[in-house]
Structure formats: structure tokens, C-alpha cells
Amino acid sequence: MPLDSETRFWNKVAISGPNECWLWTASTNGTRQRRPVFGDKGQRFSASRWIWQKANNATLSVGQVVMHLCDQPLCVNPAHLKAGTQAENVEDMWKKGRAPLAAIRRGASKGRDTLRNHPERRARGDRHGVHK
């Protein structure tokens with residue numbers, strides 16, 4: 001007898017403590033970012049999005065994304081996931097200093113604020129005294 005979707009989903013997760021990240025152990029989207037994907041009823045979904053919708057018994061609206069409060073893309077612990085907009089997700093990334101250096105350089109090259117005006121946006125190593 002085939003397993004139901006939720007059983008198949010949880011078979012692909014390394015569950016630890018309730019406050020810990022529960023890491024996806026199966027397929028990812030194949031990009032550098034390694035986003036977890038889950039197949040259900042012949043379709044592929046973001047595993048984070050799929051479990052957020054199941055856990056909250058809700059559907060995300062158009063334009064909403066699932067944000068990882070823990071900043072671990074492979075985490076599927078519903079307690080670590082929150083619905084938001086892409087703008088909120090990007091703002092969260094900047095506030096936590098997770099913006100890739102390339103994005104910072106692109107912003108400066110397009111006439112936006114420079115790093116000199118925003119020291120909190122410097123590369124992680126530079127903030128912590130690590131220089132090459």
C-alpha cells in the first residue's frame with residue numbers, strides 16, 4: 001500500500017529537538033542554494049512551502065513566500081517557518097547581514113547607497129576582522 005504524502009515527507013527529514021532545525025535529507029532544486037523540493041501528486045513543490053501550508057492548514061497568497069527564521073534553507077521545522085513577502089524576506093536578509101557580497105556590489109554600482117554609508121552590510125569576514 002502506498003504511503004500518504006505526509007508520511008513520505010517526514011521520511012525525508014532528520015528530526016531533532018523541537019527547537020532545533022529539522023533538516024531535509026532528500027532532493028534539492030540542484031542550484032547552489034540547495035532548496036529542498038518535494039513531489040506530491042505528480043507536482044514538485046518547495047518542501048518548506050508544502051509543510052508550512054500543511055502545518056498551518058492554509059494556502060499562501062500570491063506574492064507570499066516562506067521565510068526561514070533560522071536562516072537554514074534545508075530546515076523544514078514548521079516552528080522555524082513564517083509566511084511573508086519577498087520584500088520582507090530580503091529586508092530580513094539585510095538586517096541579519098546575510099546579503100551576498102555580489103548583491104552589495106551590484107547595489108553600489110547602480111548608484112544606490114554605498115558600503116561606506118552602511119557598515120552593517122559589509123562582508124561577514126570584514127565585520128569580524130578577517131581580511132585576505
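This is a guided tour of a predicted model, stop by stop, with what to select and what is there.

**Before you start**

Residues are numbered from 1 along each chain as its sequence is written, and side-chain values use heavy atoms, with hydrogens and water left out. Because the model is predicted, local features need pLDDT of at least 70 and side-chain atom pairs count only at pLDDT 80 or more, while totals for chains, interfaces and linings use all residues.

**Stop 1: the core**

Select Phe 9, Val 13, Trp 24, Phe 38, Ala 47, Ile 51 and Val 76. These residues touch the most other members of the largest nonpolar core, which has 13 residues. A nonpolar core here is a set of buried Ala, Val, Leu, Ile, Met, Phe, Trp, Tyr and Cys residues joined through side-chain atoms within 4.5 Å. Buried means under 20% relative accessible area, exposed over 50%, and partly exposed in between (1.4 Å probe, protein chains only).

Which element gives the most to this core? Helix 2 (residues 47-56) does, with 4 residues. Helices (H or I, at least four residues) and strands (E, at least two) are DSSP runs, numbered from the N terminus.

**Stop 2: Trp 24 and Phe 38**

Center on Trp 24. Contact means heavy atoms within 4.5 Å. Neighbours within four places in sequence aside, Trp 24 is in contact with Phe 9, Lys 12, Val 13, Pro 36, Val 37, Phe 38, Ala 47, Leu 74 and Val 76.

Move to Phe 38, in strand 3 (residues 37-40). Phe 38 counts as buried, at 1% relative accessibility. Not counting residues up to four places away in sequence, Phe 38 touches Ser 5, Arg 8, Phe 9, Lys 12, Trp 24, Gln 43, Arg 44, Phe 45, Ala 47 and Trp 50. Now draw a distance from Phe 38 to Ile 51. Their C-alpha atoms are separated by 9.6 Å, and the two residues are 13 apart along the chain.

**Stop 3: helix 2**

Show the side chains of helix 2. Its buried residues are Ala 47, Ser 48, Trp 50, Ile 51 and Trp 52. What do they pack against? The partners are helix 1 (5-10), strand 2 (23-24), strand 3, strand 4 (43-46), strand 5 (64-68) and strand 6 (81-85).

Step just past the helix to Asn 57. This residue takes a positive phi of about 45 degrees, and it is not a glycine. Asn 57 sits in the loop between helix 2 and strand 5. At 74% relative accessibility, Asn 57 counts as exposed.

**Stop 4**

Cys 21 is in no disulfide, and its nearest cysteine sulfur, that of Cys 70, is 3.6 Å away. Cys 75 is in no disulfide either, and its nearest cysteine sulfur, again that of Cys 70, is 3.8 Å away. Buried or exposed? Cys 75 is buried, at 0% relative accessibility, whereas Cys 21 is partly exposed, at 25%.

**Stop 5: the salt bridges**

The structure holds 3 salt bridges. Each is a side-chain nitrogen of Lys or Arg within 4 Å of a carboxyl oxygen of Asp or Glu.

Start with Glu 91 and Lys 95, whose side chains meet at 3.1 Å, N to O. The pair is 4 residues apart in helix 3, so about one helical turn separates the two. Glu 91 is partly exposed, with a relative accessible area of 42%. Lys 95 is exposed, at 65%.

Next, select Asp 71, Asp 92 and Lys 96, which are linked in a network of salt bridges. The closest N and O atoms of Lys 96 and Asp 71 are 3.4 Å apart. This pair links distant parts of the chain, 25 residues apart: Lys 96 is in the loop between helix 3 (86-95) and helix 4 (101-109), and Asp 71 is in the loop between strand 5 and strand 6. For Asp 92 and Lys 96, the closest N and O atoms are 3.3 Å apart.

Inspect each member in turn.

- Lys 96 is partly exposed, with a relative accessible area of 34%.
- Asp 71 is partly exposed, at 29% relative accessibility. Its phi is near 65 degrees, a positive value in a residue other than glycine.
- Asp 92 lies in helix 3 and is buried, with a relative accessible area of 17%. Leaving aside neighbours within four places in sequence, Asp 92 is in contact with Met 67, Asp 71 and Arg 98.

Key:
Disulfide = S-S within 2.5 Å.
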